[in-house]
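Here is a friendly note to go with the model you are about to open. Keep the structure in view and take the points one at a time.

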Amino acid sequence: MMRQLIAAAAALSFTLPAGAVTVVTADRMLDVRTGQYVPNPAIVIGDDGKIQQVGKLASIQVPAGTKQYDLPGETLLPGLIDMHVHLTSLAEIGGYQGLKYTDNFWTAVGVANAVKTLNAGFTTVRNVGSSNFDDVALEQAIDGGWIQGPRIVPATYAIGATGGHCDDNGLPPSYDKKGPSVVNGPDEARSKVRWLRKYGAQVIKICATGGVFSLGDEVGAQQLSTEEMKAIADEAHMLHMKVAAHAHGDEGIHDAILAGIDTIEHASLASDATIQLAKQHGTWFDMDIYNDDYILATGTANGTEQESLDKEKAIGLKQRQTFQRATRAGVKMLFGTDAGVYPHGDNAKQFAKMVQWGMTPIQAIRAATLSASEALARNDVGIIEPGRYGDLIAVRGDPLRDVTALEHVDIVIKAGRVVKGQAITK
């Protein structure tokens, strides 16, 4: 489709349609579908922030008064998508240190983290877990134009079992507090999906197994039954929502796939048999293989409990090896970093790890663009083509040769508006 569009545009010039307000040009543009560069592109963006046409600069007649952003020496890519972030969390404050802060503190730092994420080139994120519906608050403020940040697909609270990864653990019985999204049994699970959807969740997140940063549980142990997970998946799908499952252990991953969960987060200890099951079912793996470096480098300095550090030491390398095996097996893979476990804004550092552990650069880039849009079931982000938002980033260098170029984004354009950097305006 893209090649046909470019060929047609090159054959004869065209005049910008009514309502076109911005034209973006650069040395070249990466077509993430084909994995090829398009030289001297021109992207036409309408006053609704969506792309109207994509062609070559020489074929476009730009009327007087149309804003034109020229980016000489730059390579254009679609705005990136991180499928696993926690905007209202801070890696710098871990463990019991977080109890020193008032509840609304986390909403406030979420505002700063949203800006850092956008400036890093991530124009869309899936926020898979936050307290107090903070991610919905950020989404509303960003969409309303009150603050800057990426497009947010919020999960709000993550659904989990009593005493599990998504419960409030770590306090004595005299301070017993049940997490707002804790369920026991399929009926409670269905009800919780409806409650979350009522107050703004656009995706459902569940905790199928234990986790690294939860206290008192085993990282690989399954915590939700197959029946509970299936009830959640069925209810969410009936409401046209996707479901993401935090799952490190093989049994939990296996049962989540059979239950109809759409994306498996972490997937650290998946066996070869479970990897094949994921491939057969078309289940996405969303694996955060960069943050191990940060967690082990900082140790307990930020308040991380030794228990959590020991868990990370036990599964970090295994997760990367699983990533490698899943990639080789042809499992559908996504780009998700677990930002908030490491400092926000460093999201793009994961690209290099994905390439180191078996992906080609274009596979890694697709995981954060084309594949992510497919997993979100959204046709308005992820690709530079008509009908999608004019979300673009510009970098120097050749990200298909050196994917670390994506760690240094010069220009970020969201819905046709430059939100980071300076472009030559005509």
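The numbered points below go through some features of this model.

1. Before you start: this is a predicted model, in which local features need pLDDT of at least 70, side-chain atom pairs count only at pLDDT 80 or more, and totals for chains, interfaces and linings use all residues. Residues are numbered from 1 along each chain as its sequence is written, and side-chain values use heavy atoms, with hydrogens and water left out.

2. Let us begin with the nonpolar cores. A nonpolar core is a set of buried Ala, Val, Leu, Ile, Met, Phe, Trp, Tyr and Cys residues joined through side-chain atoms within 4.5 Å. Buried means under 20% relative accessible area, exposed means over 50%, and partly exposed lies in between (1.4 Å probe, protein chains only). The largest core holds 80 residues, and Ile204, Ile206, Ile232, Ile264, Phe285 and Phe351 have the most contacts inside it.

3. What does Ile204 touch, leaving aside its neighbours within four places in sequence? With contact meaning heavy atoms within 4.5 Å, its partners are Ile159, Val193, Leu196, Ile232, Ala236, Met241, Lys242, Val243 and Ala244.

4. Next, look at strands E13 and E14. Helices (H or I, at least four residues) and strands (E, at least two) are DSSP runs, numbered from the N terminus. Strands E13 and E14 run parallel and are joined by five bridges; two strands pair if DSSP finds at least two bridges between them. Across this pairing, Val203 stands opposite Lys242 in E14. Strand E14 (residues 242-247) has five of its six residues buried, so it is largely enclosed by the rest of the structure.

5. Cys166 is joined to Cys207, with an S to S distance of 1.7 Å. The pair links distant parts of the chain, 41 residues apart: Cys166 is in the loop between strand E11 (160-161) and strand E12 (182-183), while Cys207 is in strand E13 (residues 203-207). Both Cys166 and Cys207 are buried.

6. Now for the aromatic rings. Rings of Phe, Tyr and Trp (its six-membered ring) pair if their centres lie within 6.5 Å; planes under 30 degrees apart count as stacked, over 60 as edge-to-face and the rest as tilted. This rule gives eleven aromatic pairs. In one of them, the ring centres of Trp195 and Tyr199 are 6.3 Å apart and the planes are at 70°, so the pair is edge-to-face. Trp195 is partly exposed at 28% relative accessibility, and Tyr199 is partly exposed at 42%. Together with Phe133 and Tyr157, Trp195 and Tyr199 form one aromatic cluster.

7. A charge sits over a ring if NZ of Lys or CZ of Arg is within 6 Å of the ring centre and within 35 degrees of the ring normal. Lys50 lies over the face of Tyr389 at 5.1 Å from the ring centre, and Arg151 lies over the face of Tyr389 at 3.6 Å.

8. Thr124 is buried, with a relative accessible area of 0%. Not counting residues up to four places away in sequence, Thr124 touches Leu80, Ile81, Asp82, Pro150, Arg151, Leu376, Val381 and Asp391.

9. Helix H3 (residues 134-143) is largely enclosed by the rest of the structure, because seven of its ten residues are buried. Those buried residues pack against helix H2 (105-119), E9, strand E10 (151-154) and strand E19 (409-414). Just after H3, Gly145 takes a positive phi of about 80°.

10. Finally, two backbone angles to check. Most residues other than glycine have a negative phi. Thr156 has a positive phi near 55°, and so does His240, near 65°. Is each of them buried or exposed? Thr156, in the loop between E10 and E11, is buried at 0% relative accessible area. His240, in the loop between helix H5 (226-238) and E14, is exposed at 75%.

Conventions. Disulfide = S-S within 2.5 Å.
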